[in-house]
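Have the structure open while you read.

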Amino acid sequence: MWSLREDAQTVGRARAIIRDELSALALSPDFIDDAVLMVSELVTNAFMYGDSPYELILHIDAKEIMCVVVDGSPILPAPSPHDLQAEHGRGLRIIARLSDGFYGCHPQRYASHPDLVGKATWFALPRAGVAGTVVPIRAGT
């Protein structure tokens with residue numbers, strides 16, 4: 001779990017965290033690139049439409065990798081109407097496509113502050129073809 005500050009460098013930091021953590025698992029570069037892109041979309045959406053505080057959570061087990069971004073807004077995201085000219089509104093479609101539909105949003109307690117409730121927006125990817133042992137997670141701040 002990593003607390004995220006709302007500043008211009010945080011989206012890049014979140015991408016670097018996910019890239020570093022998944023690279024340590026010897027996953028394919030394409031798999032890692034997809035996960036990094038989806039995390040970028042989740043964090044950007046949290047900053048644009050959510051409220052602070054923000055957390056990035058990475059859960060890795062033998063079967064799947066799940067990335068979660070928690071923010072303080074109770075409003076659940078919904079895909080925007082399909083508009084090829086729009087500058088925004090593609091993030092959830094990207095996540096839906098790259099995760100094969102394994103994504104979502106629900107109310108969530110914060111990992112760092114269990115007394116606070118926000119929402120978690122997440123995606124999960126199968127660890128198909130990856131040696132399957134549970135991997136301990138390093139916490140960062």
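Let's start with strand E3 (64–71), which is mostly covered, with 6 of its 8 residues buried. Buried here means under 20% relative accessible area, with exposed over 50% and partly exposed in between (1.4 Å probe, protein chains only). Strands (E, at least two residues) and helices (H or I, at least four) are DSSP runs, numbered from the N terminus.

Keep in mind that this is a predicted model: local features need pLDDT of at least 70, side-chain atom pairs count only at pLDDT 80 or more, and totals for chains, interfaces and linings use all residues. Residues are numbered from 1 along each chain as its sequence is written, and side-chain values use heavy atoms, leaving out hydrogens and water.

## Who pairs with whom

E3 and E5 run antiparallel, joined by 8 bridges; Ile65 has Leu125 in E5 as its bridge partner. Two strands count as paired if DSSP finds at least two bridges between them. E2 and E3 are also antiparallel, over 6 bridges, and they make a hairpin with 3 residues between them.

Glu55 is a handy landmark: its bridge partner in E3 is Val70, and Ser3 stands opposite Glu55 in E2. E1 joins E2 (residues 54–60) through 3 antiparallel bridges.

## The whole sheet and its helix

Put together, that's an open sheet of 5 strands, ordered E1-E2-E3-E5-E4 with antiparallel pairing. E1 (2–4) and E4 (103–109) are the edge strands, each pairing on one side only.

Helix H2 (residues 29–49) packs on the sheet, touching E1, E2, E3 and E5 (117–126). Contact means heavy atoms within 4.5 Å.

Conventions. Axes are lines fitted to C-alpha atoms, for helices over the stretch in contact, and angles run from 0 to 180 degrees between N-to-C directions.
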